[in-house]
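Hi,

Here is the structure I promised to pass on. Have a look at it first, and then read my notes below.

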Amino acid sequence: MSFDHQKVEQKWQKHWIENKTFKTDTYSTKEKVYALDMFPYPSGAGLHVGHPEGYTATDIISRMKRMQGYEVLHPMGWDAFGLPAEQYALDTGNSPEAFTKKNIATFKRQIQELGFSYDWDREISTMDPNYYKWTQWIFTKLFEKGLAYTDEVAVNWCPALGTVLANEEVIDGKSERGDHPVVRKPMRQWMLKITAYADRLLDDLEDLDWPESIKDMQRNWIGKSEGAEVTFNIDGHEETFTVFTTRPDTLFGATYTVLAPEHPFVKEIVTDGQREAVNAYLHKVQTKSDLERTDLAKDKSGVFTGAYAINPVNNKKIPIWVADYVLMSYGTGAIMAVPAHDERDYDFATKFELPIIEVVAGGDVTKEVYVGDGEHVNSGFLDGLDKDTAITQMIEWLESNGKGEKKITYRLRDWLFARQRYWGEPIPIIHWEDGTMTAVAEEDLPVELPVMTEIKPSGTGESPLANSPEWVNVVDPKTGMKGRRETNTMPQWAGSCWYFLRFIDPDNTEQLADPELLKEWLPINIYIGGAEHAVLHLLYARFWHKFLYDIGVVPTKEPFQKLFNQGMILGEGNEKMSKSKGNVVNPDDIVVSHGADTLRLYEMFMGPLDASVAWSTNGLDGARRFLDRVWRLLVNEDGTLSEKVTEANDGSLEKAYHETVKKVTTDFDNLHFNTAISQMMVFINEGYKANEIPKQYVEGFVKLLSPIAPHVSEELWHLLGNAKTISYEVWPTFDESKLVEDEVEIVVQVMGKVRAKINVSKDISKEDLEKLALDNEHIQEWITGKTIRKVIVVPGKLVNIVAN
RNA sequence: GCGGGUGUGGCGGAACUGGCAGACGCGCUAGACUUAGGAUCUAGUGUCUUAUGACGUGGGGGUUCGAUUCCCUUCACCCGCACCA
């Protein structure tokens, strides 16, 4: 008979909740482990089978660490602000808050039904004013330190909807809702100066135990590049302009320069003869979307301004062009073009028949661009030098002649931090009638979202909050000055930038968290989530954390010491699960049909945690079959403990048991759950073959199984005669000496091919082993008539005879 | 184009710092039990071959007594970035 998973699971879930089994003692003197999941956005679709994969992994670690004597912090919460709730509110006129709360309730029920060992007393939600008070507080600190500022930034403005749209809401230049035209319009926006932390965000990646691919993605995103700025005079103008280049050594080969279309100098320097052409070009570029400008950029376009720059190193007049292959957002928005040694410049110069001068030997620039290293030519004082030396010398020349300087540029841009939305944390700023603005004082935080009967666009581009005059308009009680609240809200990223701090001290009313506790619990030992957050969430959270470190709020430079990305669970056809494909698996259904333990076990057994593997109903059945096999091995038909479980120990399972304890323990630590499970399967298979199973081993095995399948393990633990929960029982240990057998099997190879296997004492000498191998009759057959050239003996493993 | 990763049976996947390729599971085959089995148990299951044996970790080459593992080269797929000067 198999166990009744519904009964068993409900029983233990109730027990855990009622007894607060997984309540963390924040002040514990035990060694601490902080195992964190990326908290979910509670979407209306409910839990997806992808969610439990990462959650199970951290749960296994948490449960094992508790049993190993650690105090474990394993919390869960809700990333509650977000666009879908606002859209829902716009569509239905209902409150995004009620909608989100309902979704949270569903998520919570689903998560609890999977038996995760969260401390639910620490549940937090980013939409809770007690929480976002501190999100706002951090913003005011950023503001005070000059790291939050306003700037005019182009946004997606939809006149028909009277609202600003996020990039993902714009499809082919039309609004996703209603298919209305969308234009780029500059608006005053809040920005966070993440670029001030670029170097530290880059350098501190070194010490993190993160997947190399994620570190690389962050490095690329930050995009540090070293080079120089070079100042060009403009023929007939007073002003100068500056370009950024990583190849100052090729300055002698600069045959033209290019300004980005948005460069402020374009309109100043354009000659009368070229004005019409330039204006036409600028207009053409403006109507191109970002996508067109970047994606369809196979064929370069541009136009001559009529003006000339003076190459500072040789005083040659070179034309100034405008072209959209130069981006205003990177470097200085202007480049010096060296067509001989830069692919983009080469394409452009070829198309517009601009001169190409070779300055680095090694290729044939009449035929194709040459970007490699080589001796410099046509380059005056750089002739004969290699690239690195030439770069250094050119920078020296530029600096001593006042024509430029060494410069480091980043691809990373400041973080656009404002959203023209209702459903987010209000940015705690007041604009006063005298033109000043101030941050809301700490004692006046949080600035709560007003309850609004209807959430609709303001029509001005401001958020719907602008529709609530009683909320927007304020009067300073001291001075009587009138002011207006900032109507922008924070982006969804804000709340997730620091939630892991709040879990440590969720009810603190005085500060975001007690510094003493932060010291105890940070950094996070293991953080697991999807790779889709590889760059933005993780970079933003690191930025805030470093800022909080600088102002003395947190004790560590980095929040997440170890990070791991779980893979995706695909549909049975190896495609992404999606409603439209109809291949979505609902965890609720699996919990009913197979049970939470089976789901957890199956998801961990599918493959390595970081791999993307297709869902398989057969595989799921197999996981359940294993749990049934465990149950039947230990429990009789009538529900009593099997007679096979004995106090005696005949030693037959000794090696298998110790091996299993060792492998499962180390595999869990390394997040290799699939192989840990296979080892448990091996043990159970051995158990079926054995006549009796020592109770001690059974208890040890149930403990090993309990992090993965906690409900059935609790039930078995109970059946074994234990009254208390298994959750804090001591994790089994293994004895290394039990793993080595007195006799080992040695592989005997001839010419690298296995020809025989012999059993020998583990202590046999190299010489004796070699002799035994050579005397073996099968081996004799293979080596007679041949000359033995060499015999390789690897003690305890193999003998390889080289003979021909 | 640049950066990163992955290629192993019919399928998901194992294999420690180079040492028995295919653990474990799924699927399949046969048998047992059974009124029945899509339950359970037992055995088998990389390919070719009559056994012996030969071949086999995307392809080609190399280092080595020995390569899934290291090196070179090539192909395919996946992920990220994408005119970043």
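The C-alpha centres of domain 1 and domain 2 lie 38 Å apart. Those two belong to a division of chain A into domain 1 (140-198 + 415-485), domain 2 (225-409), domain 3 (587-738) and domain 4 (743-803), with bounds that come from an automatic or database domain assignment.

Before you go further: this is a predicted model, where local features need pLDDT of at least 70 and side-chain atom pairs count only at pLDDT 80 or more, while totals for chains, interfaces and linings use all residues. Residues are numbered from 1 along each chain as its sequence is written, chains are lettered from A and ligands numbered from 1 in the order in which they are written, and side-chain values use heavy atoms, leaving out hydrogens and water.

Now the overall picture. Along the principal axes, the C-alpha atoms of chain A fill a box of roughly 100 × 85 × 50 Å. The chain has 26 helices and 31 strands; these are DSSP runs numbered from the N terminus, helices being H or I with at least four residues and strands E with at least two. Of its 804 residues, 52% are buried. Here buried means under 20% relative accessible area, exposed means over 50%, and partly exposed is in between (1.4 Å probe, protein chains only). Contacts, meaning heavy atoms within 4.5 Å, are also worth a glance: among those in chain A with a separation of 6 or more, 71% join residues 24 or more positions apart.

Next, a helix pair. Two packed helices are described by the angle between their axes and the distance between the axes. The axes of helix 19 (residues 596-605) and helix 20 (residues 617-634) come within 9 Å and cross at roughly 115°. Those axes are lines fitted to C-alpha atoms, for helices over the stretch in contact, and the angles run from 0 to 180 degrees between N-to-C directions. From helix 19, the contact takes in Asp597, Thr598, Leu599, Leu601 and Tyr602; from helix 20 come Gly619, Leu620, Ala623, Arg624, Phe626 and Leu627. Sorted by type, the contact residues are seven nonpolar, two polar and two charged. For that sorting, Ala, Val, Leu, Ile, Met, Phe, Trp, Tyr, Cys and Pro count as nonpolar, Asp, Glu, Lys and Arg as charged, and the others, Gly among them, as polar.

Helix 19 is largely enclosed by the rest of the structure, because nine of its 10 residues are buried. Those buried in helix 19 include Ala596, Arg600, Glu603 and Met604.

Helix 22 (residues 673-689) also meets this pair: its buried residues pack against helix 19 and helix 20, as well as helix 2 (51-67), helix 21 (654-669), strand 27 (693-694) and helix 23 (695-705). Phe673, Ile677, Met681 and Ile684 are among the buried residues of helix 22. At 1.5 Å a residue, the 17 residues of helix 22 should span 24 Å, which agrees with the 25 Å between its end C-alpha atoms. The expected span is 1.5 Å times one less than the number of residues.

A few backbone details, too. A cis peptide bond joins Leu445 and Pro446, with omega about 0°, and Pro446 sits in the loop between strand 19 (437-439) and helix 13 (469-472). Another cis bond runs from Leu522 to Pro523, with omega near -5°; Pro523 is in the loop between helix 16 (515-521) and strand 22 (526-530).

Lys20 is not a glycine, yet has a positive phi of about 45°. Lys20 lies in the loop between helix 1 (5-19) and strand 1 (32-37) and is partly exposed, at 44% relative accessible area. Glu353, also a residue other than glycine, has a positive phi near 55°. Glu353 is in the loop between helix 11 (343-352) and helix 12 (387-400) and is exposed, at 71%.

Lastly, two single residues. His545, in helix 17 (residues 536-550), is buried with a relative accessible area of 0%. Glu433, in the loop between strand 18 (429-432) and strand 19, counts as exposed at 58% relative accessibility. With the neighbours up to four places away not counted, Glu433 touches Met481 and Lys482.

Cheers
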